[in-house]
Amino acid sequence: MLKICVIGLGYVGLPICIKLAKNYKIVGFDINSERINSLKKGIDLNDEFKKKDLKKKNLFFSKNIQDINNCNFYIICVPTPITNSKQPDLKYINKSLLLLSKILKKGDILVLESTVYPGVTGEFINKLEKKTKLVNNRDFSTCYSPERINPGDKERNLNNINKVLAYEGNNKKVKILLKSVYKKICKKLILSKNIREAETAKGIENIQRDLNIALFNEILIICNKLKLNFNEVVRLASTKWNFLNFAPGLVGGHCLPVDPYYLTYIAKKRGYKPKVTLSGRHVNNYMKKYVIDFANFFIQKSRIKKNKIKICVVGLTYKYGVADIRNSQKIQILKYFRKKFKFTKGFDPFLKSSDKLDNNELKKYNFFIFLSKGEKFENIANLLSKKKIIDPFFYYSK
Ligand SMILES: NC(=O)c1ccc[n+]([C@@H]2O[C@H](COP(=O)([O-])OP(=O)(O)OC[C@H]3O[C@@H](n4cnc5c(N)ncnc54)[C@H](O)[C@@H]3O)[C@@H](O)[C@H]2O)c1
């Protein structure tokens with residue numbers, strides 16, 4: 001009988017657990033006791049799932065290795081961050097490797113879902129073989145299936161996105177099993193016979209998005225220097241059949257500011273220093289300073305005395321519609337203004353800890369710095385006089 005264990009219950013692992021619990025017995029495993037305790041109580045601190053989703057008959061949460069050593073299908077969804085010097089940090093992958101080396105048995109299937117650079121799954125397999133003396137594609141099977149979920153996106157979710165699944169073995173039973181499990185997760189499976197190609201594909205999906213945003217950020221900066229209306233410039237260019245439109249903004253979260261460094265790391269190791277990819281990162285990392293300078297210029301121009309300045313920074317999570325503040329440049333911008341002006345408040349309805357902002361309060365502030373684009377913030381901007389709006393990305397400038 002298939003008994004599935006999902007290792008790492010974050011934004012990626014938990015939805016998979018919940019999906020699969022409709023058909024299989026699932027153990028959700030995490031090393032974070034706080035995460036396990038709250039999930040057991042039916043609370044998802046990421047605010048994505050309700051009690052009824054977490055309290056399913058087939059779904060069990062644990063942080064104990066004894067609860068997962070009789071599983072035979074392991075899906076690994078642990079974080080893959082970068083270090084302070086922007087190098088891939090594989091410590092969580094290595095921890096899960098150590099864990100699996102203690103429990104791996106003949107017949108087990110492993111699927112890595114974390115975003116990695118090409119070759120990491122291979123290294124993982126080699127180390128596991130050395131530690132267990134079991135052989136991949138003979139005694140056990142390993143696959144790679146990168147995650148594509150887009151937090152906050154109501155249209156594209158696990159149900160309707162295509163999912164890549166790479167398996168290099170020839171075992172028919174394993175292939176059937178893999179397909180039957182993954183068909184329960186997503187509608188369409190894209191199969192690959194090469195794990196390194198699937199690892200690379202995941203990397204370039206995010207690099208492309210990062211670069212597209214970086215280009216629009218750069219166009220925005222240039223328009224500002226030339227005193228041109230960015231929206232108007234883009235509106236005109238968009239009338240050409242092959243012009244692709246993207247919104248500028250502060251890139252944050254766990255994917256775009258991180259994943260490009262995985263591919264550039266391995267490219268450098270192989271003797272090529274990526275230029276385009278890193279230049280996109282460079283521009284997107286610079287945008288925090290751009291916003292601060294833009295807002296300071298606007299504030300100084302008003303000639304309001306420093307002790308009379310009251311600022312509200314609107315939009316704090318890394319993107320509109322999610323509660324996640326990981327790598328959010330917006331939080332850093334809020335911190336900067338809090339340090340500079342005594343009366344600075346941050347507002348984001350998607351953040352539980354955020355202060356409230358009612359219509360009465362709108363009068364209290366002389367400046368609103370808008371850092372995210374979305375309906376709730378547009379409604380606020382519509383209530384304000386133009387001289388109060390600081391809109392570095394031209395989101396609400398008509
Ligand atoms: N969040 C997304 O939208 C998204 C999208 C695509 C890909 N990814 C990738 O998926 C992976 C997971 O990302 P996430 O956002 O779910 O991370 P996350 O930080 O939300 O959650 C990861 C969980 O793994 C746990 N963990 C860490 N090491 C562990 C170990 N050794 N054993 C068991 N549990 C462990 C942590 O405690 C945490 O609860 C990353 O590689 C990320 O790049 C994320």
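**Exercise 1. The buried residues of α1**

Task: In this predicted model, find which residues of helix α1 are buried, and what covers them.

Solution: Start with the helix itself, which takes in residues 13-20. The buried ones are G13, L14, P15, I16, C17, I18 and L20. Next, look at what lies over them. The cover includes the strands β1 (3-7), β2 (25-29), β3 (59-62) and β4 (73-76). It also includes the helices α3 (51-54) and α6 (172-185).

**Exercise 2. The length and faces of α5**

Task: Check the span of helix α5 against its residue count, then work out where its buried residues lie around the axis.

Solution: Take the length to begin with. Helix α5 runs over residues 120-132, and at 1.5 Å a residue its 13 residues should span 18 Å. The end C-alpha atoms are 18 Å apart, which agrees.

Now turn to burial. V120, T121, F124, I125 and L128 are buried in α5. Viewed down the helix axis, these buried residues fall within an arc of 140 degrees, so they line one face of α5.

Finally, ask what sits over the buried residues of α5. Among the covering elements are α4 (91-103), β5 (109-112), β6 (141-144) and α7.

**Exercise 3. A residue in β5**

Task: Decide whether L110 is buried or exposed, and list the residues it touches.

Solution: L110 belongs to strand β5. Around it, 23 other C-beta atoms lie within 10 Å; the cut-off for buried is 20 or more, so L110 is buried. Leaving out residues up to four places away in sequence, L110 touches Y74, I76, L100, F140 and T142. One further distance to check on screen is that from L110 to L178: they are 68 residues apart along the chain, and their C-alpha atoms are separated by 9.9 Å.

**Exercise 4. α9 and its two partners**

Task: Describe how α9 packs with α7 and with α10.

Solution: Two packed helices are described by the angle between their axes and the distance between the axes. Begin with α7 (residues 195-225) and α9 (residues 259-269): their axes come within 8 Å and cross at roughly 115 degrees. The crossing is left-handed. From α7, the contact uses G203, N206, I207 and D210, and from α9 it uses D259, P260, Y262 and L263. Sorted by class, these are 4 nonpolar, 2 polar and 2 charged residues.

Then take α9 with α10 (residues 276-302). These axes come within 10 Å and cross at roughly 145 degrees, and α9 passes α10 in a left-handed crossing. P260, L263 and T264 of α9 meet T277, L278 and R281 of α10. By class, that contact has 3 nonpolar, 2 polar and 1 charged residues.

Note on methods: Residues are numbered from 1 along each chain as its sequence is written. This is a predicted model: local features need pLDDT of at least 70, side-chain atom pairs count only at pLDDT 80 or more; totals for chains, interfaces and linings use all residues. Axes are lines fitted to C-alpha atoms, for helices over the stretch in contact, and angles run from 0 to 180 degrees between N-to-C directions. Helices (H or I, at least four residues) and strands (E, at least two) are DSSP runs, numbered from the N terminus. A crossing is left-handed if the near helix is turned anticlockwise from the far one by less than a right angle, and right-handed if clockwise. Two residues are in contact if their C-beta atoms, placed from the backbone, lie within 7 Å. Ala, Val, Leu, Ile, Met, Phe, Trp, Tyr, Cys and Pro count as nonpolar, Asp, Glu, Lys and Arg as charged, and the others, Gly among them, as polar. The expected span of a helix is 1.5 Å times one less than its number of residues. A residue is buried if 20 or more other C-beta atoms lie within 10 Å of its own, exposed if 12 or fewer, and partly exposed in between; C-beta atoms are placed from the backbone. The arc is that of the directions from the helix axis to the C-beta atoms.
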